[in-house]
Amino acid sequence: MIISRRAAGFLAGAVLLLAACATPSGAPATDPADPSTAAGGATADATGSTDSADPASTSTDPSAQAPLTGDDAKLIVYSGRKESLIGPLIERFEAETGIQVDMRWGDTAPLAATLMEEGQASPADVFFAQDPGGLGAVEGLLAPLSPAILDRVPAAFRDPAGHWVGVSSRSRVVVYNTQTVKPQEIPADLDGFTDPVWKGRIGWAPTNASFQAMVTAMRKLQGEEQTRAWLAGMMANEPVAYESNAPVVAAVGAGEVEIGLVNHYYLHRFLVEEGEGFSARNHFMTGGGPGAMVLVSGAGILQTAAHKAAAERFIAFLVSDEAQRFFVTESWEYPVATGVDGPADLPPLAALKSPALPLADLADLQGTIDLLRQTGVLP
Amino acid sequence: MGLLLLLPPSYLLIRSLEAPGVAGAVLLAPGTWAAAGRTLLLAAAVGAASSALGLPLAWLTLHTNLPRRRLWLVLVALPLVLPSYISAWLFAAALGPRGLLWQGIGPALGLSRLPSVYGFWGAFIVLTLCAYPYSLLVIRAAWTRLDGSLEAAGRSLGLGPWACFRRVTWPQLRPAVAGGALLAALYVLRDFGAVAIMRYDTLARVIYLAYGSAFDRHTAAVLGLLLVAMALGLVSLERGASRRARLHRAGSHGGRPIAPVALGPWRPVALACCAALTALAVVLPLGILSHWLLRGLAAGERLSGLWPALRGSVTAAALATVLTLVAALPGAWLTVRRPGHRARLLGRLSWTGQALPPLVVALALVFASTRLLPALYQTLPLLLLAYVILFLPEAGSSLQTALRQIHPALGEAARTLGRRPTAVFRTVTLPLARPGLAAAAALVFLTCLRELPATLILSPAGFSTLSISIWSAVSEAYFARAALPALVLVAVSAPPLAWLSLRGEA
């Protein structure tokens with residue numbers, strides 16, 4: 001390619017200009033020379049301190065608190081959970097509190113990448129993520145949550161450092177085709193699927209965050225080498241890789257594959273739309289281990305949030321009885337707050353064989369990605 | 001303009017240079033080059049297939065006595081509006097190993113499953129169906145303004161119809177064919193949705209996984225630069241095909257219209273081909289969407305308001321169309337009338353936006369605007385800027401062809417008669433470039449409607465579009481709620497498409 005000298009200079013100049021503006025946005029340190037950052041930080045601090053001094057903020061019922069007014073009654077939420085699912089919940093929050101919520105819908109990972117690029121200039125107040133991986137990636141940008149919010153949720157379902165809190169939970173399950181597989185044929189734990197009898201019958205979604213969290217759990221519970229061996233054994237059985245959980249469930253229902261490793265709640269949508277005749281059901285793994293992991297979605301508040309009081313109320317609302325019941329009835333998930341019952345037609349959360357693994361242990365996503373690449377599961 | 005176009009590559013360069021070790025490791029990894037090879041293979045195949053479909057379709061809907069040829073044009077161009085991930089999803093639902101087709105015929109034929117559609121062939125078919133309208137519209141716009149007297153002269157000198165096409169028409173169409181193929185190939189380079197569902201790991205998918213799974217911006221940036229390099233390579237190929245093309249004729253309307261070809265006994269065959277393509281690319285997806293909708297309604301599914309999404313889609317697409325055309329005109333004019341280093345650089349730059357996954361372009365704009373122009377961040381103008389970067393080449397390709405077809409002497413004559421340059425442009429150039437303008441507008445408008453990744457990241461908070469609604473619903477397996485906005489998307493795009501294609505012809 002021929003580029004004239006002047007053009008090359010132009011190119012180099014533009015790159016330099018941009019490079020000069022590039023601050024390491026992943027680092028949470030505020031830059032005093034940047035007026036927008038200083039202003040944003042000051043506002044956040046001011047509202048933060050008034051709020052924590054306000055005894056009402058310890059209540060988890062947002063409607064019981066004094067209404068916010070003016071610019072305080074606004075909120076910007078980046079949501080990795082979809083409008084199709086939680087749209088009505090947001091409307092309820094707006095109606096009850098008078099706070100106007102602007103939602104930015106996206107997939108969790110691109111939203112986390114956006115937050116990283118925005119750095120200190122982020123307009124976001126709250127990040128509501130589909131999985132802990134996304135929250136962990138921006139942990140350095142999140143502010144500690146108030147004890148009132150954290151205490152609504154058992155320690156197993158929140159960030160050990162208190163930067164985010166679980167909002168709903170789901171179990172890893174085996175979804176199976178009811179015409180070709182009997183539940184009693186399904187192995188007790190994931191190791192059983194490396195048996196050649198399952199060759200060509202398995203569907204999975206290795207790019208999905210929940211799948212990757214499951215593999216991370218396996219690495220922590222059973223060690224690196226055993227996980228590598230399991231992945232190699234699975235690959236020998238030629239599993240079909242789907243783009244996400246929903247296509248796996250669709251494929252199992254259609255008989256394209258016979259079993260799938262997914263989260264439990266997608267099946268619910270298919271039963272609603274296709275009726276009880278849909279040929280797939282969930283099997284909760286009886287032998288425990290990573291295949292029975294319970295995983296959470298979660299939310300946290302950005303350090304740079306301009307509407308901190310409203311953000312606190314929003315997260316308090318997400319873990320309130322009302323919102324927790326919404327997740328039970330609308331998305332068929334398990335609640336995380338103590339004292340709310342799970343979906344009636346599912347085994348109770350306490351009966352699931354989820355391994356006891358601190359959430360902090362799930363943070364090592366990079367190690368899992370490396371392993372998945374080395375074993376050829378990911379490109 | 002140049003600065004704006006430089007943004008995404010500069011952003012990638014900065015992120016790559018932050019971690020020089022990563023760049024080396026990524027570029028040395030055999031997996032990277034395997035993905036690059038797959039990407040090029042798919043891009044070449046889809047580019048070629050798009051031309052192979054677009055050229056005959058353009059001819060059939062323009063210069064033959066095909067019945068209802070304008071209706072057929074609108075029908076076969078419609079796939080341009082469906083987001084690729086939706087097309088891929090519907091394609092797999094219909095033709096997958098145990099999809100609807102199998103359910104219809106499989107058990108009766110004793111087949112336990114149909115052959116797999118996944119992998120290269122699935123990605124190839126879906127992306128070709130998504131991308132051939134590029135070729136169709138660009139070639140058709142060029143063919144509209146070809147001078148029929150040249151063909152007539154060729155025929156009168158004893159050339160047969162085929163030889164006449166090869167020696168007279170083809171050289172004039174070659175730049176448009178190359179431009180359409182390039183658009184289709186670059187669409188493959190940047191597409192993420194179809195290759196994800198069809199499980200064919202192109203570079204764009206690897207980039208998305210680097211962001212998505214590992215939050216690894218450095219790897220993604222290095223791969224992004226590799227995509228830019230591949231795009232520039234493809235653009236050079238296209239330049240080779242369209243260079244030295246002199247397409248203009250002496251007068252403005254001096255040419256004779258091309259006489260429509262009577263298809264004779266081939267008419268039913270042509271009709272059947274159009275119908276088959278329409279069935280595969282339009283009826284099949286719409287059929288499944290309708291099936292989802294009706295099934296969901298029967299199950300008591302509630303459908304929420306479409307209005308804000310519809311308004312958002314149409315507003316953003318209409319504004320972006322106007323802006324992109326305005327932004328593309330100077331570049332196209334420079335390239336055609338004042339070719340040189342400056343024009344060449346601008347031309348090449350403009351193609352980089354087309355090759356990069358929209359996610360990367362969006363993150364580059366996030367990066368730049370939060371630092372340089374915070375006031376612009378998360379406003380509609382910034383989203384429109386992203387659309388301009390992404391869709392500039394779509395407009396440019398048609399416009400260049402259109403400008404090449406106008407004899408420079410026409411403008412010069414108007415100048416010697418005392419018209420000012422702007423008036424010349426308004427009264428001479430623009431009217432003559434109308435078919436190209438209309439095709440460019442159609443391309444940009446329709447592809448804006450289906451754009452998703454950049455829209456998700458850059459749209460103002462609370463802003464919604466139909467493609468966002470579809471994605472939001474389908475990724476949570478709310479099929480009925482996905483079907484309604486998808487059907488509306490197709491419905492709203494048909495009238496502008498029809499209008500634009502008729503404007504272009506008149």
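Reader: Is A:K220 buried, partly exposed or exposed, and what is its relative accessible area?
Author: This is a predicted model, and the value is computed from it. Buried means under 20% relative accessible area and exposed means over 50%, with partly exposed in between. A:K220 falls in the partly exposed class, with a relative accessible area of 37%.

Reader: Which residue forms a salt bridge with A:K220?
Author: The closest N and O atoms of the pair are 3.7 Å apart, and a salt bridge requires them within 4 Å. The partner of A:K220 is A:D364.

Reader: How many residues apart are A:D364 and A:K220?
Author: A:K220 sits in helix α7 (residues 209-222) of chain A, and A:D364 in the loop between β11 (334-335) and α13 (365-374). A:D364 is partly exposed, at 29% relative accessible area. The pair links distant parts of the chain, and the separation is 144 residues.

Reader: Why does the salt bridge between A:E238 and A:K199 tie together separate parts of chain A, and how many residues apart are they?
Author: The side chains of A:E238 and A:K199 meet at 3.9 Å, N to O. A:E238 is in the loop between α8 (224-236) and β7 (240-241) and A:K199 in the loop between β5 (164-177) and β6 (202-204), so the bridge joins parts separated in sequence by 39 residues.

Reader: What are the relative accessible areas of A:E238 and A:K199?
Author: Exposed would need over 50%. A:E238 is partly exposed at 49%. A:K199 also counts as partly exposed, and its value is 45%.

Reader: Which helix holds both A:E225 and A:R228?
Author: The side chains of A:E225 and A:R228 form a salt bridge at 3.7 Å, N to O. A:E225 is exposed at 55% relative accessible area, while A:R228 is partly exposed at 29%. The two are three residues apart, about one turn of the helix, and that helix is α8 of chain A.

Reader: Which residues belong to the network of salt bridges that share partners?
Author: One bridge between the chains pairs B:R217 with A:E117, with the closest N and O atoms 3.4 Å apart. Both residues belong to a network joined through shared partners. Its members are A:E117, B:R15, B:E18 and B:R217.

Reader: How many salt bridges are there between chain B and chain A?
Author: The whole structure has 20 salt bridges over all chains. Between chain B and chain A there are also 24 residue pairs in polar contact. The salt bridge count between these chains is four.

Reader: How much area do chain B and chain A bury between them?
Author: The contact involves 65 residues of chain B and 65 residues of chain A. Of the buried area, 61% is on carbon and sulfur atoms. The total is about 5900 Å².

Reader: What percentage of the residues of chain A count as buried?
Author: Chain A has 13 helices and 11 strands. Buried means under 20% relative accessible area. Of its 379 residues, the buried share is 58%.

Conventions. Residues numbered from 1 in each chain as written. Chains lettered and ligands numbered in written order. Predicted model: local features only at pLDDT ≥ 70, side-chain atom pairs only at ≥ 80, totals over all residues. Heavy atoms only, no water. Contact = heavy atoms within 4.5 Å. Buried area = accessible area lost by both parts, 1.4 Å probe. Polar contact = N/O pair within 3.5 Å; in protein donor to acceptor, adjacent residues only side chain to side chain. Helix = DSSP H or I, 4+ residues; strand = E, 2+ residues; numbered from the N terminus. Buried < 20%, exposed > 50% of the residue type's maximum accessible area, 1.4 Å probe, protein only.
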